[in-house]
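The following note concerns the packing of side chains in the structure shown below.

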Amino acid sequence: MATRDGTIGGRRPGEDPAAAVVTTAALRSGRLAEWFDRQARTLFIMPAVVMILIFSIFPLIATFILSLSRVRLRGGGYTMRYVGARNYEKQIFGSEQWHFLGTFEEVSVLGWVVTAAGAGLLAWWLVKYLRGRSGRVSVVGTIGRLITASVLFGLTFMFAATLFSGTRLGTLGVTLFYVVVGCGIQFLIGLGLAVLCAQPIRGRTFFRVVFFLPMMVTPIGIGFTFRMMADTGKGPFAPIWQWIGLGDFAWAVNPWTARAFIIVGDSWQWIPFIFVVLLAALENVPRDLVEAGHVDGAGGWQIFREITWPQIVPVAATVMLIRVIEGFKLVDLPNMMTGGGPGIATESMTLHSFFAWRALDPAQSAAISYLLLFVTVVLCVSYFMLVVRKRAAVHG
């Protein structure tokens, strides 16, 4: 049957049938090759994405099921019974509240002042957003900010009722102390070292290598090393401790000195990471801008504040996001250096979950893990949306 373009059965009159078959096969092969070219990135990445999802989603689902159950180990197996949110209720309102949130007693005057100040700042932040320019306010943005404000107010009240009222911190407060104070100190020192090594000084290559070395040591090795170094009685620096009058100082007995020593060890491990990333960002700052600042008579601090810092802000915000995520997972150093003591003064939430698992209570361990996941996701997503993404949009 002839078609409108003169072909018969998909071929033109007088055309060799074998050649028509070859032409059709070539067209199909070309279309397939074109489709593979368009989908190449997806096809190459898909296996890795599938494996990551399998090994991430399954543990998340299994842990969530555990957190809603009561598990009892017995000879030859275990029994599991659904209990709903009782494991979470036990951590937040029940018998484990002192362990997770801290010891709640009467809130001091300073605690109420801190609570009121935090509530006022959060309310001002929300009102400022809602009164923003036309088109800036969205439903998703409003809901996200309400969640962030609620979590921040809860954390503010927790610190007001514990730290500012003279009572003991729980593992949540200790973890946030490690993250906020530790990561802040590490960023400042790492930035300072990066600025110094970016200068045309002699031996800067040597210092770059030396500053990078701590990243090659395992966290367990760092924990044992700092525990040995801080031993004022038998450690390698015991004569120095004796000489400065701290030979009888038991740093692991006092909660705050123990936390401080853990932050020192954690900083020694993670400052090189911040240093390397910020050094790379500093070396990519356009030299013509810096030279123009020198020509205009700007000083070193002015050049850093007006030229260098705005150029590296997106990188600095991103590296801090990565460091904060890792900070929430701190477990090796407090376990090796203090075992979580004195009491639970240096116990992070990850170590809290590990101890619950070791005590043959996987359900409580799973609940603590999900509480940590919730806090980490809310704070890190808020930081990404309000700081990292905003800075990238401004300097992009």
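1. The side chain of R259 sits over the face of W256, 4.5 Å from the ring centre. The model under discussion is a predicted one. A further case involves R145, which lies over the face of Y129 at 3.9 Å from the ring centre.

2. Aromatic pairs number 12 in the structure. F177 and Y178 make up a tilted pair, with 6.2 Å from centre to centre and 55° between the planes. Both F177 and Y178 are buried.

3. One aromatic cluster is made up of F187, W301, F304 and W309.

4. The largest nonpolar core comprises 65 residues, and the members that touch the most others are L172, L176, L278 and F328. Two or more residues are given to this core by each of α6 (139-161), α7 (171-197), α9 (219-229), α11 (255-283), α13 (300-327), α14 (332-337), α15 (349-358) and α16 (362-395). The largest share, 12 residues, is supplied by α11. At least three residues of the core come from each of domain 2 (104-167) and domain 3 (168-394). As general background, nonpolar side chains in soluble globular proteins tend to be buried together.

5. Which residues is L176 in contact with, leaving aside its neighbours within four places in sequence? The contacts of L176 are L155, M158, F159, V181, F328 and L379. Of these, F328 is also listed with L176 among the core residues that touch the most other members.

Definitions and conventions:
Residues numbered from 1 in each chain as written. Predicted model: local features only at pLDDT ≥ 70, side-chain atom pairs only at ≥ 80, totals over all residues. Heavy atoms only, no water. Core = buried A, V, L, I, M, F, W, Y, C linked by side-chain atoms within 4.5 Å. Buried < 20%, exposed > 50% of the residue type's maximum accessible area, 1.4 Å probe, protein only. Helix = DSSP H or I, 4+ residues; strand = E, 2+ residues; numbered from the N terminus. Domains from an automatic or database assignment. Contact = heavy atoms within 4.5 Å. Phe/Tyr/Trp six-rings, centres within 6.5 Å; stacked < 30°, edge-to-face > 60°. Lys NZ or Arg CZ within 6 Å of the ring centre and 35° of its normal.
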